[in-house]
Amino acid sequence: MRLGIIGKPQSGKTTIFNAASGAQESVGDFSQAVHRHVVKVPDARVDKLAEIVKPKKITYAEIEFLDAPGFSGEGKKSSGLEIHPDLRKQDAFMLVVDAFSPTANPESDIRAVIDEMILLDQAMVESNIERKERKAQLSGDKSEMREMEILKRCLHWLEQEKPLIELGLHEDESKLIRGYMFLTEKPLLIVLNIPEGDLGKSSQLAARHQTLVSPGKREVAVVCGKIEMELVSLDPSERQAFLTDLGITEPAMDMVIHKAYSLLGLISFLTVGEPEARAWPIKRGTSAAHAAGTIHSDIERGFIRAEVIKFADYAQLQTAAAIKAAGKMRLEGKEYIVEDGDVMLFRFNV
Ligand SMILES: Nc1nc2c(ncn2[C@@H]2O[C@H](COP(=O)(O)OP(=O)(O)OP(=O)(O)O)[C@@H](O)[C@H]2O)c(=O)[nH]1
Ligand SMILES: [Mg+2]
């Protein structure tokens, strides 16, 4: 899954990128440089399974980050915006907001970047309507006409300065316009980048911005990018002392990655055996058969049944014998909807 890091210049995008990835790209150089990195999604459940089974290999779910410039922070006044083309290919965005500098104005910066995303989408809708409408009318092609009708609804919505994710398109409608890769159709994680001195106030700051949250569409996280970036560069042993010194219990970046993961609509099922303990990302609502298909298409094709153990039961009982004796292993069919943290074993026959 891909997550684009966006924000106005000098908002701390690369700082947050470094904090999330452990990379050491230079910050504060006004370079507007582009960076990419694949990050493991920390998962204490995988660690626990590995501790119990001691597999040869441990594999976490992954997110690919893209740190890319292009937004100006000028909002509706901006002109000639040019964003990195790969930003359109992201599954969701992390909008980094300067809440650390003395002149910071997070509310207006958030609005400005969202306005710029709206402007970019609007330009794309307009040029496509212009280009394709006549052709659709002439051909009378049903699906082209339908696409036009949806594009017009999108345009009307964007003109009201609202992001497309709030338009409430049906799934089949979204599918018809998926190819345009509209920016405002994607979920947004707003990251308030606060100064070191405000660490103690993180939860109040988060609470103050709760109105921005919209389940499945928009989330808010409060982080001090600078501290988090220093934190990932330390040895694990030094890290704890550093955290204690600052009076914080855990790195905020783990929380940010988890929020991003769930904003992408993802959950994980787990597999464990002697070769590997592993987290598998799937969309919430995926059936057992489709989940099996993420491992291998043969397992989906030859699916017989799934043996499912809740992670908490596995962690507590630990051995197959104890789990079975306690009646904590359930047999599920193809249609079973997989839940976050299910430890799964698929029986199949090809
Ligand atoms: N005090 C403080 N300064 C920060 C924080 N995060 C970033 N900065 C500073 O803000 C400046 C810009 O940080 P970058 O991470 O380079 O910002 P950017 O958004 O990547 O900048 P461009 O790529 O040039 O648009 C640097 O001087 C950072 O040290 C923070 O949490 N606290
Ligand atoms: Mg940068």
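A residue is called buried if 20 or more other C-beta atoms lie within 10 Å of its own, exposed if 12 or fewer do, and partly exposed in between, with the C-beta atoms placed from the backbone. The structure above is a predicted model, in which local features need pLDDT of at least 70 and side-chain atom pairs count only at pLDDT 80 or more, while totals for chains, interfaces and linings use all residues. Residues are numbered from 1 along each chain as its sequence is written, and chains are lettered from A and ligands numbered from 1 in the order in which they are written.

**View 1. Gln 10 sits in the loop between strand E1 (2-6) and H1.** Helices (H or I, at least four residues) and strands (E, at least two) are DSSP runs, numbered from the N terminus. Is Gln 10 buried, exposed or partly exposed? Gln 10 counts as partly exposed because it has 16 C-beta neighbours inside 10 Å. Although Gln 10 is not a glycine, its phi is positive, at about 60 degrees.

**View 2. Helix H1 is mostly covered.** Nine of the nine residues of H1 are buried, including Lys 13, Phe 17 and Ser 21. Just after H1 comes Gly 22, with a positive phi of about 80 degrees.

**View 3. Phe 30 belongs to the loop between H1 and strand E2 (35-40).** Here is another residue other than glycine with a positive phi, near 55 degrees. Phe 30 has 8 C-beta neighbours inside 10 Å, so it counts as exposed.

**View 4. Helix H1 (residues 13-21) packs with helix H7 (residues 225-232).** Two packed helices are described by the angle between their axes and the distance between the axes. For H1 and H7, the angle is about 35 degrees and the axes are 8 Å apart. Axes are lines fitted to C-alpha atoms, for helices over the stretch in contact, and angles run from 0 to 180 degrees between N-to-C directions. Which residues make the contact? H1 brings Thr 15, Ile 16, Asn 18 and Ala 19, and H7 brings Gly 225, Lys 226, Glu 228, Met 229 and Val 232; two residues are in contact if their C-beta atoms, placed from the backbone, lie within 7 Å.

**View 5. Gly 168 lies in the loop between helix H4 (142-159) and helix H5 (171-176).** Gly 168 counts as exposed because it has 9 C-beta neighbours inside 10 Å. From C-alpha to C-alpha, Gly 168 and Thr 286 are 21 Å apart in space, and they are 118 residues apart in sequence.
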